[in-house]
Amino acid sequence: MTIWHVAEGVAWRTLKNVFTNVSLFLPSLIFPLFFFTAFAGGLSAVDRVPGFDYPPGYTAFQFCFVLLQSAAFGGVFTGFGIARDFEYAFAKRLLIASPNRSGIILGYAIAALVRWTVTATMLTTVALIVGMDVIGGPVDVVGLYTLALLVNVAALLWASGIAMRFRSIQAGPMMQMPVFLVLFFAPVYVPLSLLTGWIEVVAHANPLTALLETARGFVAGDPPHVLLAFGVAIGLGLAFALWAFRGLRSAEAAG
Amino acid sequence: MSNVFATQVGALATRGITRTMRQPAMWVPPLVFPTALMLVNSGGLESATHLPGFPTDSFLAFALAVPFIQGALFATMNAGTELARDVQIGFLNRLQLTPMRGSALLAGQLGGVVLYGVVQAIFYLAVGFVVGVDFAAGPLGLVVLLLFSIVVSLGFGALGAGLALRTGSGEAVQGMFPLLFVFLFISSMNMPRNLIEQDWFRGFATINPVSYLIECVRSLIIVGWDAEALALGFGVAGLIAVFSLVFSSFALRKRLTRT
């Protein structure tokens with residue numbers, strides 16, 4: 001049994017659980033749509049603020065944020081499932097049965113990716129239906145979704161590291177809150193140049209800002225920090241991979 | 001109110017408050033989360049105050065109204081969940097073996113919720129003063145704001161209690177939370193209604209009662225004394241309270257009959 005067999009089994013089970021349980025699947029689908037509606041609909045006047053210059057318009061401006069947010073929370077929600085598996089002792093049986101335990105993390109990552117793909121498809125469809133303007137070309141669009149995909153994987157690895165260390169769903173806020181804060185400390189509502197005060201300082205230091213600005217740049221056809229954004233996304237992914245695999249070792253040691 | 005009834009209400013209110021205080025997860029998030037969201041939103045949307053017609057030059061002052069309503073939603077859902085737990089673990093059944101009146105149960109539950117609502121209001125006001133928000137309506141406005149918080153807490157508290165008694169399930173009460181969140185976000189919480197450009201969003205915000213609750217608090221903070229906003233706010237909050245009290249009374253009667 002190779003690492004792929006383990007990954008395939010874990011991914012299949014996780015996806016079956018998610019897609020056959022409305023209470024698990026619906027929130028990860030509805031909440032991004034809801035945030036998109038609330039921000040793009042309720043705050044569309046913000047694009048008339050002096051200095052706001054984003055040619056595709058405010059709907060596209062918010063779409064990029066919500067796309068990255070859905071990617072991050074797709075990973076975190078899958079982390080909740082890992083914690084639940086540990087709490088109900090399923091993960092113990094999984095650890096015993098898996099000859100290659102790295103496949104467990106890979107399986108959860110594949111499940112998070114598939115789960116987010118459904119959410120992203122729905123979100124993109126709704127955004128296009130309500131008239132979102134995309135100026136960037138096919139390469140930019142590929143860049144946008146690749147960046148979001150990397151965010152999804154990084155968030156999953158972060159959440160699985162927490163889940164495998166605490167092995168309880170009570171660690172849910174520890175998975176969720178830092179992601180929520182990092183996302184909202186980026187320039188969510190207006191470009192970085194229009195931020196003032198403490199949030200400007202925080203947003204400048206926030207690594208997610210480069211990702212968000214580049215995502216918005218892809219939609220506008222003029223991405224500003226492609227290398228930096230992908231560097232940050234891949235760097236976070238690698239760091240959290242180390243965090244997740246050490247978490248797995250911790251779970252193994254706990255028995 | 002007889003002495004016996006007052007004693008019963010006091011005992012149940014004390015139990016509810018003590019139980020809440022012993023679980024920080026029940027009372028910390030309703031204080032911290034709305035405050036954090038307000039600070040983050042007001043930092044990000046400060047430049048929106050440059051829009052022509054925006055009613056104030058401080059988005060923080062504009063946004064300070066939101067935690068009052070958001071916090072009330074949080075707290076009352078939590079209180080409803082606790083009451084549902086009482087149903088689930090059989091506390092209500094045991095209570096029926098005592099001379100305790102059903103109405104005392106509801107009054108005790110709501111007493112605790114209202115008291116916590118006042119604590120929340122004072123906390124948000126203190127945060128507002130610390131971050132430098134001027135309170136346009138002055139000291140009398142603070143009293144009116146606390147009174148408003150009591151009516152809002154009573155309304156949402158009775159709604160949470162009614163749901164708990166009707167369903168007897170904490171999960172069902174928590175299941176209402178996303179719906180209340182929708183009401184909060186698709187309101188005038190981040191933008192005055194006259195500046196919302198999307199017709200459908202402005203339409204929903206206009207028929208959404210949460211908009212009037214937020215605008216009532218907001219008027220006291222940034223306008224001063226706005227009779228229309230106050231009348232609409234107190235009117236909507238009063239209607240919610242009356243509806244919720246009737247709903248929860250019927251739910252209680254049915255629940256006690258069942259048990």
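1. Helices here are DSSP runs of H or I covering at least four residues, strands are runs of E covering at least two, and both are numbered from the N terminus. On that basis the secondary structure of chain A comes to 10 helices and 0 strands, and its elements, taken from the N terminus on, read α-α-α-α-α-α-α-α-α-α. The coordinates under discussion belong to a predicted model, and the points that follow should be read with that in mind.

2. On the overall dimensions of chain A, the C-alpha trace spans about 60 × 35 × 30 Å along its principal axes. The radius of gyration of chain A is 19 Å, which agrees with the value near 18 Å that a compact globule of 255 residues would have. Of these 255 residues, 50% count as buried. Among the contacts in chain A with a separation of 6 or more, 81% are accounted for by residues 24 or more positions apart.

3. The C-alpha atoms of chain B fill a box of roughly 65 × 35 × 35 Å along the principal axes, and 48% of its 259 residues count as buried. For contacts in chain B with a separation of 6 or more, residues 24 or more positions apart account for 80%.

4. The contact between the two chains draws 21 residues from chain A and 19 residues from chain B. On the side of chain A that touches chain B, the elements giving two or more residues are helix 2 (22–42) and helix 8 (198–205) of chain A, and helix 2 of chain A gives the most, with 4 residues. By class, the residues on this side of chain A divide into 15 nonpolar, 5 polar and 1 charged.

5. Helix 2 of chain A also takes part in a packing within its own chain, where helix 2 and helix 3 (residues 58–87) of chain A lie with their axes 9 Å apart and at an angle of about 155°. Since angles over 145 degrees count as roughly antiparallel, helix 2 of chain A is roughly antiparallel to helix 3 of chain A, and the crossing of these two helices is right-handed. The residues in contact include A:Phe35, A:Phe36 and A:Phe39 of helix 2 of chain A, together with A:Phe63, A:Phe73 and A:Phe77 among those of helix 3 of chain A. The contact of helix 2 with helix 3 of chain A has 10 nonpolar, 6 polar and no charged residues.

6. In chain B, the axes of helix 4 (residues 65–88) and helix 7 (residues 138–167) come within 8 Å and cross at roughly 30°. Angles under 35 degrees count as roughly parallel, and helix 4 and helix 7 of chain B are therefore roughly parallel to each other, with a crossing that is right-handed. Helix 4 of chain B contributes residues including B:Ala72, B:Ala79, B:Gly80 and B:Ala84, while those from helix 7 of chain B include B:Gly157, B:Gly160, B:Ala161 and B:Ala164. The residues of this contact of helix 4 with helix 7 of chain B divide into 16 nonpolar, 7 polar and no charged.

7. A:Ala89, in the loop between helix 3 and helix 4 (90–97) of chain A, has a positive phi of about 70° although it is not a glycine; with 10 C-beta neighbours inside 10 Å, A:Ala89 counts as exposed. A:Arg167, in the loop between helix 6 (138–166) and helix 7 (172–184) of chain A, has a positive phi near 50°, again in a residue other than glycine, but A:Arg167 is buried, with 21 other C-beta atoms within 10 Å.

8. A last point concerns B:Lys254, which is found in helix 12 (residues 227–258) of chain B. With 12 C-beta neighbours inside 10 Å, B:Lys254 counts as exposed.

Key
Residues numbered from 1 in each chain as written. Chains lettered and ligands numbered in written order. Predicted model: local features only at pLDDT ≥ 70, side-chain atom pairs only at ≥ 80, totals over all residues. Contact = placed C-beta atoms within 7 Å. Nonpolar A, V, L, I, M, F, W, Y, C, P; charged D, E, K, R; others polar. Buried ≥ 20, exposed ≤ 12 C-beta atoms within 10 Å, placed from the backbone. Axes fitted to C-alpha atoms, helices over the stretch in contact; angles between N-to-C directions. Parallel < 35°, antiparallel > 145°, perpendicular 65-115°, else oblique. Left-handed = near helix turned anticlockwise from the far one by under 90°. Rg over C-alpha atoms; globule rule 2.2 N^0.38 Å.
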